[in-house]
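Visitor: I would like to learn how to read a few features of a structure. Please take them one at a time.

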Amino acid sequence: VTKIPKGKVTTYKALADLTGTNPKVVGYALHVNKDPDNVPCHRVINSKGRVSEGYAFGGPKIQQKMLEKEGVVFDEKKTVDLKKFGYLID
């Protein structure tokens, strides 16, 4: 997650695939993140390109605002174009 640059996002599913686990485990790990300044878990969204409802830093509106401040664009359905803003971690 620390490799995701500002203005980009990745998905819980992509991280789960990378680590050999499932997206819910990734979500839990990010939820208990104790170092949000250095582990930008706000840059992780669901595979539909949307912010998850249970975001830990004050809810989905706050996460969306954080991402928009970094240059990520949401459409009228509150969805991110993953082809444009998605980041694949290797």
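**Reading the model**

Guide: Start with Val44, which sits in strand β2. Keep in mind that this is a predicted model.

Visitor: Is Val44 buried or exposed?

Guide: Buried means under 20% relative accessible area. Val44 has 0% relative accessibility, so it counts as buried.

Visitor: What does Val44 touch, leaving out residues up to four places away in sequence?

Guide: Its contacts are Val1, Ile4, Thr10, Thr11, Tyr12, Leu15, Leu30 and Gln63. For a sense of spacing, take Val26: 18 residues separate it from Val44 in sequence, and the C-alpha to C-alpha separation is 9.7 Å.

Visitor: Which residues make up the largest nonpolar core?

Guide: The general idea is that nonpolar side chains in soluble globular proteins tend to be buried together. Here the largest nonpolar core has nine residues: Ile4, Tyr12, Leu15, Ala16, Val26, Leu30, Cys41, Val44 and Ile89.

Visitor: Which elements give two or more residues to this core?

Guide: Those are α1 (12-19) and α2 (23-31). The largest share, three residues, is from α1. Apart from this core there is another, of eight residues, including Val9, Leu67, Phe74 and Val80.

Visitor: What does Tyr12 touch, with residues up to four places away again not counted?

Guide: Tyr12 is in contact with Pro23, Val26, Gly27, Leu30, Val44, Ile45, Asn46 and Ser52.

Visitor: Next, helices. Which residues of α3 are buried?

Guide: In an α-helix there are 3.6 residues a turn, so residues three or four places apart point the same way. In α3 the buried residues are Gln63, Gln64 and Leu67. Viewed down the axis of α3, they fall within an arc of 100°, so they line one face of the helix.

Visitor: What do the buried residues of α3 pack against, and which residues are exposed on the other side?

Guide: The buried residues pack against β2 (44-45). On the other side of α3, the exposed residues are Lys61, Lys65 and Lys69.

Visitor: Last, backbone angles. Which residue has a positive phi although it is not a glycine?

Guide: Most residues other than glycine have a negative phi. Lys78 has a positive phi of about 60° and is not a glycine. Lys78 is located in the loop between α3 (60-69) and α4 (82-85). Its relative accessibility is 43%, so Lys78 counts as partly exposed. A glycine with a positive phi, near 105°, is Gly71, which follows α3.

Key: Residues are numbered from 1 along each chain as its sequence is written. This is a predicted model: local features need pLDDT of at least 70, side-chain atom pairs count only at pLDDT 80 or more; totals for chains, interfaces and linings use all residues. Side-chain values use heavy atoms; hydrogens and water are left out. A nonpolar core is a set of buried Ala, Val, Leu, Ile, Met, Phe, Trp, Tyr and Cys residues joined through side-chain atoms within 4.5 Å. Buried means under 20% relative accessible area, exposed over 50%, partly exposed in between (1.4 Å probe, protein chains only). Helices (H or I, at least four residues) and strands (E, at least two) are DSSP runs, numbered from the N terminus. Contact means heavy atoms within 4.5 Å. The arc is that of the directions from the helix axis to the C-beta atoms.
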